[in-house]
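Please examine the sequence and the structure shown below. The paragraphs that follow lead through a few of its features in turn.

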Amino acid sequence: MKKQHSHPSLLELKIYGTTEIFTPRRVYCVGANYRKHIEEMGLPGREKPFYFMKPSDALVIANPNETTGISFPPITKSLHHEVELVILIGKKGHNLNLKQSKDCIFGCAVGLDMTRRDIQNSLREKRQPWELAKAFDQSAPIGLIHDFESIIDITNLDISLSVNGKIRQKSNTSNMIYSTYEIISDLSKYFTLYPGDIIFTGTPEGVGSVVKGDIINAEIESISPIKLKIE
């Protein structure tokens, strides 16, 4: 019998190699968590992580054996890709230390934080919230979720993204400014985390624009890749 973690949602998150099924609750995202990405975006350094959220129905589950179509969103001329390591929380936690943060992780996946960059730049200049740039429909495609225990070390995984066969993003999760465990610990001070919560952990340098017809391949070592087509 499959174990069900029940939160109302349009989607089910199946975990590769297990009978577990989660339904997504909240989608937390970490901004600018790779130093070279901060440099390419012309952003100042910072002392603490910062966060924004996407609605859970912005998720698109991408089958690794298929090309998944996502729509070019309205009201933008600059849609950017941002490949990220995605974490699925498996148990409730609040005010966690680093060890407790690690114990809360159930699974990991490849994800894309799709961004209306022109809108984000305008919002940033006005010091306004980022929802219009980040929280649109189909803005959070993710791949197959792998059981956390099947991955040797999430703090040292190669991560890359190509568009039409040309590499644009290439780094390693060891280059994060704040590790996944530090992010979970810090986030848990502000929110109680629950099973089904998803955390996008930031993107490395090399972000860029895509247009209709482009094919995106996103990969993280030890995790199933995803292939997307902008439609």
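**A tyrosine in a loop**

In this predicted model, a polar atom of the side chain of Tyr 178 lies 3.1 Å from the backbone nitrogen of Lys 48. Tyr 178 itself is found in the loop between β15 (166-172) and α5 (180-190). With a relative accessible area of 13%, Tyr 178 is buried, because buried means under 20% relative accessible area.

The cysteines may be considered next. A disulfide is a covalent bond between the sulfur atoms of two cysteines. The structure holds 0 disulfides. For Cys 29, which is in no disulfide, the nearest cysteine sulfur is that of Cys 108, 16 Å away. The sulfur of Cys 104 has its closest cysteine sulfur in Cys 108 as well, at 13 Å, which is too far for a bond. Cys 29 counts as buried because its relative accessibility is 1%, and Cys 104 counts as buried at 2%.

The last feature is a sheet. Strands of a sheet pair through backbone hydrogen bonds, either parallel or antiparallel. Here, 3 strands form an open sheet with antiparallel pairing, in the order β11-β8-β17. Strand β8 (residues 79-81) pairs with β17 over 3 bridges in the antiparallel sense, and His 80 stands opposite Ser 209 in β17.

How values were computed. Residues are numbered from 1 along each chain as its sequence is written. This is a predicted model: local features need pLDDT of at least 70, side-chain atom pairs count only at pLDDT 80 or more; totals for chains, interfaces and linings use all residues. Side-chain values use heavy atoms; hydrogens and water are left out. A disulfide is a pair of cysteine sulfur atoms within 2.5 Å. Buried means under 20% relative accessible area, exposed over 50%, partly exposed in between (1.4 Å probe, protein chains only). Helices (H or I, at least four residues) and strands (E, at least two) are DSSP runs, numbered from the N terminus. A polar contact is a pair of N or O atoms within 3.5 Å; within protein, one must be able to donate a hydrogen and the other to accept it, and residues adjacent in sequence count only if both atoms are side-chain atoms. Two strands pair if DSSP finds at least two bridges between them.
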